[in-house]
Structures are given as structure tokens and as C-alpha cells.
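The following questions and answers concern the structure shown below. Please consult the sequence and the model while reading.

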Amino acid sequence: MNELFKLPDRLPKLPGKIPMFRATRFESLSSRDAAYTKDLARRLRTAQRSFGLEGTPATEGARLVLRKEQVSLELYAASDSLWWTDHRLAYQERVPSREQLPDESKAKKLAAALLEQHGLDAKSASVASVTFIEADVQSGDSKPRTSRTAVDVNYRFRLGEHPAMGPGAKIKVTLASDGAPAQIVYFWRSPTKAAAASAISATTALERFMRDPAFFHLRNKDATVTVKDVTFGYYAMSPTDFQRLYVPVWAIDATSQTRELRYDFRRYVVAVDMSPEDAKRADAVANPRACRVF
Amino acid sequence: MGTIGIEWVNKFHGRASDLKNNDDNARGFYNTLSGVRRFEYGDDLAWDRDFEQSGVGSPSAGTDQLYADNVDIVFFSGHGSRNGAFFGIANKDDGEAKPGELRLGNLDCEWIVFDACLVLERDNLNVFNRLGGAFAGLHYMLGFDTTCGDSGDRGRKFAERLNSGWSVRDAWIRACTETEGSDTNWAYLRADAAGTNTIDDHWHGKGFVSPDPVTPTSRFYLRGAC
């Protein structure tokens with residue numbers, strides 16, 4: 001065993017075959033693909049009705065954007081994602097002191113009701129954390145004043161028995177004073193089951209992790225890489241990206257320590273054997289570089 | 001027309017584990033944002049002194065007047081910590097652009113992005129003591145309160161938003177939210193002074209840009225989950 005790495009005593013185990021999940025219903029995102037364009041138009045109509053923003057959206061790269069005064073609604077063309085924001089409330093730096101944020105329990109209830117009201121499917125998601133948008137203001141050299149200006153109810157999705165990971169699988173409902181809705185971030189791709197695949201073990205994943213060139217220049221006597229946790233899940237790319245399959249991954253949480261820097265990080269090792277060429281042929285992800293370790 | 005500079009580091013020569021995507025990340029920003037591309041330095045040509053004020057700190061080899069403070073927006077992508085942006089080589093100064101060595105905006109810089117872990121860590125409000133002195137006309141410092149991922153496209157997403165007329169802070173928060181899970185906290189620190197209103201800042205040519213808060217009277221720190 002390489003002395004650079006410190007590994008956990010126990011590793012999780014998987015059955016030989018793991019379920020795979022498709023992350024899109026479409027073969028193409030072309031404007032000539034009738035099924036896709038029809039679905040995008042339907043999504044747009046539904047969101048416009050639900051959030052009360054009419055008009056023709058602006059195209060901003062991978063997003064369709066509607067604005068009305070201080071409110072924006074973004075629809076992502078490559079995933080089933082959307083982002084609604086009331087900019088008067090979402091990222092405030094000051095709030096009147098008499099106004100109160102909902103407590104955690106109330107925030108969870110309000111968030112669930114808001115998702116239901118807008119028809120956003122959260123059946124496979126659950127609340128992972130309740131956090132705050134915190135503002136600190138310093139006048140001159142005085143002691144900064146701190147306030148919580150909004151509360152975020154953060155959901156995570158699951159696919160079957162395992163968590164969905166990465167930036168493209170989350171819900172965030174932001175509530176301002178008195179529970180006023182300030183923002184809904186809904187990043188998701190509706191999954192459908194695909195054929196099962198053989199997974200690599202956590203041990204194999206760690207072997208690949210340790211061979212990652214990122215560690216080649218670390219010297220054993222000066223550095224350590226301590227693996228704290230190894231978790232199986234499915235990776236969802238940014239909502240702007242096209243993704244055909246949720247990528248099964250071993251998520252490795254580790255700390256790299258040198259004399260100069262301590263660095264906590266997460267690295268994903270793809271949990272099925274797929275070369276960049278295989279990934280290209282399967283059109284699994286938009287960027288085939290993310291096929292082994294990323 | 002705004003001017004743009006980037007520095008990025010993937011190779012750390014054993015000073016820290018290497019990274020993979022900072023070239024793509026910073027270049028995505030550089031090649032997308034509408035403006036004049038002023039400089040790009042990567043790996044061993046990215047130096048801490050490029051961000052530091054001349055004559056400040058120890059060693060005091062700062063040359064920000066030629067680089068970071070000689071453009072409107074500068075984007076750093078690499079390792080970081082509450083001790084500042086961390087570089088691959090340490091023989092030009094000491095390999096870290098330490099907070100106490102930063103004085104930005106006394107020449108040109110309005111916005112600086114540290115796309116790196118923890119440079120903007122709140123640290124029980126010490127962020128004000130640590131980084132407050134860097135504001136000498138600078139409007140915003142944008143980054144993370146926590147660790148962050150080795151993203152290859154956050155810079156491009158940020159630039160796309162700026163080009164589309166989103167405010168600077170909205171553009172950063174949205175680029176972070178699209179590229180990180182909710183365990184990561186985006187953060188920014190901004191300054192205001194009499195007659196300035198940096199909260200409404202946009203990229204040059206895309207909306208309001210506040211006058212420079214040369215002598216800041218207020219500083220604002222905001223953070224939230226991605």
C-alpha cells in the first residue's frame with residue numbers, strides 16, 4: 001500500500017449489477033425534433049401559467065429567460081430544470097428588524113406547499129438541510145452587524161436506493177421574511193430505468209483514485225491523502241448540460257495535506273467500466289472526459 | 001469596454017495535489033466575456049505577486065499595478081484557503097497572495113473572482129479584518145465561504161450571465177449554484193462609500209456600474225448555499 005494514502009477500514013459494498021437511469025426522454029435537442037420542441041413548449045406554458053410570467057422568453061445560452069420587473073423565470077433547455085427568483089427578496093443584505101424568518105419546521109412545510117402549488121415533482125427528494133442566507137454589514141471599522149435575510153430549504157434527490165449527487169440534482173426553496181417565497185431552484189432530469197450494469201467495487205474505485213495524476217507530485221514524507229468517506233450514488237451534471245444517463249459514481253471524500261496546504265475535496269470515480277470512446281458511443285454525457293475520475 | 005485578466009493553476013509541483021480544470025474554467029471566462037482580453041497566465045506563469053500591492057507584505061514583491069489592478073475584472077482559478085489564493089510556485093514571492101498584501105482598485109480593478117476554496121471564508125466575521133483592507137476602490141470580491149469543486153465551466157457560466165446583463169452578484173451566485181451542490185457556500189464581499197452603489201453593479205456596457213468606493217465607508221458580506 002502506498003504510504004501517501006490513508007484509507008478507511010471498511011468500504012461499502014454493492015450487488016454485482018446496479019440499476020441505471022436514463023436522464024432524458026429525447027434522442028435529440030434539435031428544433032426539428034417534434035417530440036422535444038413540443039415538450040419544451042409545454043414546459044414553458046406550464047411554468048408561465050404557474051409563475052404568472054407571460055411573454056416571449058429571451059434565449060440565453062442553454063436557458064430560456066422570462067423577466068417581469070424584479071422577477072425572473074429560467075427554463076433549462078437540456079434538462080427538466082427551472083429557476084424562479086423574486087430578486088427583491090432572494091439576496092437581501094438588510095431586512096427590517098421586526099420581520100421574522102420562518103423557523104425550520106415552518107420553512108419545511110412552506111417549501112413543500114410551494115413545490116406542490118407549482119406542480120414540481122419532489123416525490124423522490126427529501127430535505128437534506130435548512131440553511132440561511134446571512135448578511136454581515138460593517139460600517140467603518142465598527143463591529144459588523146449580522147442578520148439572516150432568507151432561509152433555504154435544500155432538498156436532495158434519490159435514484160432507487162442511492163443518492164443523486166452533483167449540481168444537477170437538487171431543489172432549493174428560499175423563503176424571506178414572514179415566509180414570503182423568494183426563490184425556487186429546481187434542478188432535475190426525470191429518470192426512467194435503463195438496463196442494469198456491472199459496477200466496480202469500492203476497492204477498485206479507490207485504486208483508480210490513487211492512480212489519479214493529481215497526486216503524482218505529492219511526496220510521501222511530506223504529504224498525506226486521507227480518504228474519509230466512500231459513497232455510491234448517481235451523478236447529475238449542471239442543469240445546462242445535456243446528459244443521457246445518470247452517471248453511477250463512487251464519491252470519495254478526502255483531505256490532502258502538504259506542508260503548505262490542507263485541502264478537503266470530493267472526487268468522483270465512475271462506477272461502471274466505460275472508456276471515453278464507450279461514453280461517446282453511448283452519448284452518455286456531454287463531456288466524455290468525465291468518464292473515469294472527475 | 002471592460003478589460004479582463006485571468007490567472008489559473010493546475011500544477012502545484014507537490015505544494016498541493018494538482019487540479020485539472022482551472023485552465024478550462026478561467027479560459028471559459030476569458031473567451032466568453034465581452035471585453036478586451038488583457039492577460040492570461042497559467043501554471044508556472046501565474047504568480048502571487050501579480051495580485052499583491054507593491055511594497056506591501058513580506059516578501060514585498062507585489063506587482064499588481066501591472067496585472068490584477070490593471071484590468072477591470074480579474075479571475076483567479078486554483079487552490080485557495082483563508083490565507084489567500086495559492087500558487088504552483090513560490091519563488092517569485094512566497095506562493096500565496098495573502099489577504100494583507102492585497103490593495104485593489106487604487107489603479108483599475110473593480111471586481112476580483114477567487115474561484116478557489118475558502119478565500120472568502122466568513123470565519124466568525126474575521127473575513128472583514130482579513131480582506132477589508134484590500135478594498136481601495138475595488139467593488140467586489142467574489143468567491144466561496146467553503147471548499148468548492150474543480151469546475152471546468154463556472155467561469156464561462158459567470159461570463160455568459162454578465163454578457164446577458166445580470167448584475168455582478170446575481171451572475172456569480174447563479175454560476176455557483178449551477179456548478180455546485182448545496183453543501184457549498186458561495187460568498188461575496190463588497191464595498192460602498194458616499195455616492196457609490198455597488199450592489200447594482202453590472203459588467204461594463206451591460207448596465208449600471210457604480211463609481212469606485214475609493215475610501216469605503218461600508219462593507220457587505222453575503223453568503224448562502226449553492
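**Contact between the chains**

Q: How many residues does the contact take from chain A and from chain B?
A: This is a predicted model. Residues count as in contact if their C-beta atoms, placed from the backbone, lie within 7 Å. On that basis, the contact takes 40 residues from chain A and 36 residues from chain B.

Q: Which strand gives the most to the side of chain A that touches chain B?
A: At least two residues of this side come from each of β7 (125-139), β8 (145-159), β10 (170-175) and β15 (262-270) of chain A. By class, the residues of the side divide into 17 nonpolar, 13 polar and 10 charged. The strand that gives the most, with 10 residues, is β7(A).

Q: Which strand supplies the largest share of the side of domain 1 of chain A that touches domain 2 of chain A?
A: Chain A is divided into domain 1 (5-23 + 193-282) and domain 2 (34-190), and their C-alpha centres lie 29 Å apart. The contact takes 18 residues from domain 1 of chain A and 19 residues from domain 2 of chain A. On the domain 1 side, β2 (17-22), β13 (224-235) and β14 (247-257) of chain A each supply at least two residues. The largest share, four residues, comes from β13(A).

Q: Why does the largest nonpolar core lie between domain 1 and domain 2 of chain A?
A: This core has 142 residues, and among those that touch the most other members are A:Tyr234, A:Tyr246 and A:Val249. The core lies between the two domains because residues are given to it by both domain 1 (5-23 + 193-282) and domain 2 (34-190) of chain A.

Q: Which residues does B:Met141 touch, not counting residues up to four places away in sequence?
A: B:Met141 is one of the residues that touch the most other members of the largest nonpolar core. With residues up to four places away in sequence not counted, B:Met141 touches B:Ile112, B:Phe114, B:Leu120, B:Leu131, B:Ala134, B:Tyr188 and B:Leu189.

**An open sheet in chain B**

Q: Which residue of β5(B) is the bridge partner of B:Gly80?
A: In chain B, three strands form an open antiparallel sheet in the order β4-β5-β6. β4 (79-81) and β6 (96-97) of chain B each have a single partner strand, so one side of each is left without a neighbour in the sheet. Three bridges pair β4(B) with strand β5 (residues 84-86) of chain B. The bridge partner of B:Gly80 in β5(B) is B:Ala85.

Methods
Residues are numbered from 1 along each chain as its sequence is written. Chains are lettered from A and ligands numbered from 1 in the order in which they are written. This is a predicted model: local features need pLDDT of at least 70, side-chain atom pairs count only at pLDDT 80 or more; totals for chains, interfaces and linings use all residues. Two residues are in contact if their C-beta atoms, placed from the backbone, lie within 7 Å. Ala, Val, Leu, Ile, Met, Phe, Trp, Tyr, Cys and Pro count as nonpolar, Asp, Glu, Lys and Arg as charged, and the others, Gly among them, as polar. A nonpolar core is a set of buried Ala, Val, Leu, Ile, Met, Phe, Trp, Tyr and Cys residues joined through C-beta atoms within 7 Å. A residue is buried if 20 or more other C-beta atoms lie within 10 Å of its own, exposed if 12 or fewer, and partly exposed in between; C-beta atoms are placed from the backbone. Domain bounds come from an automatic or database domain assignment. Two strands pair if DSSP finds at least two bridges between them.
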